[in-house]
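User: I want to learn how to read the features of a protein model, one at a time. Please give me the general idea each time, then the case at hand.

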Amino acid sequence: MRAGRAAAMAVGAMLALGMLAYPAEAVQAARDGLSLFASNALPSLLPFFIAAQLLTRSGAARLLARPLRPLWRALRLPDAAGGVLLASLICGYPSGARQTADLAASGQLTPQQTLRLAALASHPGPLFTLGAVAPQLGPGGQTIALALLLCCALGSLAAGLCTGVPKTHAAAQDPPPDAPSLLAILPEALRDGCLAMLPVAGAVCFFRVATALLGACGALRFLASLCAPLTGASIAQALPHIALELVSGSAAAARSEGPLQLRALLACAALAWGGLSVQMQCLSFLGRGVPAGRLIMLKAMQTGAAMAALLVLWPFLPLRQTVFAPLPPSAAATYPLGALLACTLLLGVWMSQRSAGGAGGRRRSPVGRVPS
């Protein structure tokens, strides 16, 4: 707790000092962030947020997810979670986190189920992937974008399975379905959808300013120089953007130099990871009921699993033969990145299982008490 508070104080102090040292860059970055939110995030997320609220409140999402009920039961999740997963696949970040928080607040999820559903319902949106990322990948971009969506979904499934299997289903039974009218649902869906955009706007603006300040003081160039011997200069310049922000990270990944397969892998990492900006948006909805460290570790595991799935799927994509050209010798420097990614994935699995075991031990300790 003390370390986390010290880190928050350090980040706040550095951000304040950075804005004082580079006021013009900070103001321009905030303007760019709000412009990006208004031109990209708002039109692509707000209609889906409202649609997701309508599907959930009307019960349509649960009906659409009913054919896959055995899957939800195998994952030890209530039936209502099926609607959340379906809506998250359609709407993308951070819709799944918002609806997961709603289910947890209504008592339909245990804490462990909340963490599992938060990991499972964490996907990039198809509108952003097909409309923004695919054109930057060049020929075959639409096919690659569909593969990226599939790989991100498989990665989230792998991350969700690493949360530990709950021994029971939901803490409370699903509420009986009612039949509210459209005039009762639509105003609430509009209100909640618009309110949900506020954390998105704040996160986009904050991380745009943070990225601009890091670039102004030379920190991004320093980080790129540290990564360059392992990954190459082009990839090293893209990695800080991938780590911080989804939009700029996916653009930097798709436009980096190198073979199409390598650029697709970087784009997969950007989409599956989502950047710290997306993760902060999700945590703003989930609150303190979900451990932030564990959720970020699960996102790292999802990223590694998604990239591994893309490597397996790549030879089967219907692309032109020129796309399957072997990597040039200059790209051999990127192989340590794969080794680092594999080590991160294994470390994440170990830490997740250790944390789950410790949590299980803590939960089992009160059971042995005999009530007086």
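Analyst: Start with contacts: a contact means heavy atoms within 4.5 Å. In the protein chain, residues 24 or more positions apart account for 79% of the contacts with a separation of 6 or more. This is a predicted model, where local features need pLDDT of at least 70, side-chain atom pairs count only at pLDDT 80 or more, and totals for chains, interfaces and linings use all residues. Residues are numbered from 1 along each chain as its sequence is written, and side-chain values use heavy atoms, with hydrogens and water left out.

User: How many helices and strands does the protein chain have?

Analyst: Both are DSSP runs, numbered from the N terminus: helices are H or I with at least four residues, strands are E with at least two. The protein chain has 17 helices and zero strands.

User: How do I read burial, and what share of the residues is buried?

Analyst: Buried means under 20% relative accessible area, exposed means over 50%, and partly exposed lies in between (1.4 Å probe, protein chains only). Here, buried residues make up 45% of the 372 residues in the protein chain. For the areas themselves, the method is Shrake-Rupley with a 1.4 Å probe; for residues, only the protein chains shown count as cover. The protein chain exposes about 18,400 Å². Carbon and sulfur atoms supply 70% of that area.

User: What should I look for in the backbone?

Analyst: Look for exceptions. Most residues other than glycine have a negative phi, and most peptide bonds are trans. R76 is not a glycine, yet its phi is positive, about 60°. R76 sits in the loop between α4 (69–74) and α5. Its relative accessibility is 28%, so R76 counts as partly exposed.

User: Which peptide bond is cis?

Analyst: The one from Y93 to P94, with omega near -20°. P94 is in the loop between α5 (80–91) and α6 (95–105).

User: How many salt bridges does a search of the whole structure find?

Analyst: Side chains of opposite charge can pair when their charged atoms come close. The rule for a salt bridge is a side-chain nitrogen of Lys or Arg within 4 Å of a carboxyl oxygen of Asp or Glu. The search finds three.

User: Where do D102 and R98 lie?

Analyst: Both are in helix α6, four residues apart, about one turn of the helix. D102 is partly exposed at 36% relative accessible area, whereas R98 is buried at 16%.

User: What is the N to O distance for R191 and D192?

Analyst: It is 3.1 Å in that salt bridge. R191 is partly exposed, with a relative accessible area of 47%. D192 counts as buried, at 8% relative accessibility.

User: Which residue forms a salt bridge with R208?

Analyst: E245, with the closest N and O atoms 3.8 Å apart. R208 lies in helix α10 (residues 182–216) and E245 in the loop between α12 (233–244) and α13 (246–254), so the pair ties together parts that are 37 residues apart in sequence. R208 counts as partly exposed at 25% relative accessibility. E245 counts as buried at 3%.

User: How are aromatic pairs classified?

Analyst: Rings of Phe, Tyr and Trp (its six-membered ring) pair if their centres lie within 6.5 Å. Planes under 30 degrees apart count as stacked, over 60 as edge-to-face and the rest as tilted. The structure holds one aromatic pair. The ring centres of F206 and F207 are 5.1 Å apart and the planes are at 90°, so this pair is edge-to-face. F206 counts as partly exposed at 34% relative accessibility, while F207 counts as buried at 8%.

User: Which residues form a nonpolar patch on the surface?

Analyst: Patch members have over 30% relative accessible area and no salt bridge; like charges are joined within 9 Å, nonpolar side chains (Val, Leu, Ile, Met, Phe, Trp, Tyr) within 5 Å. Here L150, L154, L157 and L161 form one, with about 340 Å² of accessible area together. L157 is found in helix α9 (residues 141–161). At 34% relative accessibility, L157 counts as partly exposed.

User: How many disulfides are there?

Analyst: A disulfide is a pair of cysteine sulfur atoms within 2.5 Å. The count is zero. C152 is in no disulfide: its nearest cysteine sulfur belongs to C268, 4.7 Å away. C152 is buried, with a relative accessible area of 1%.
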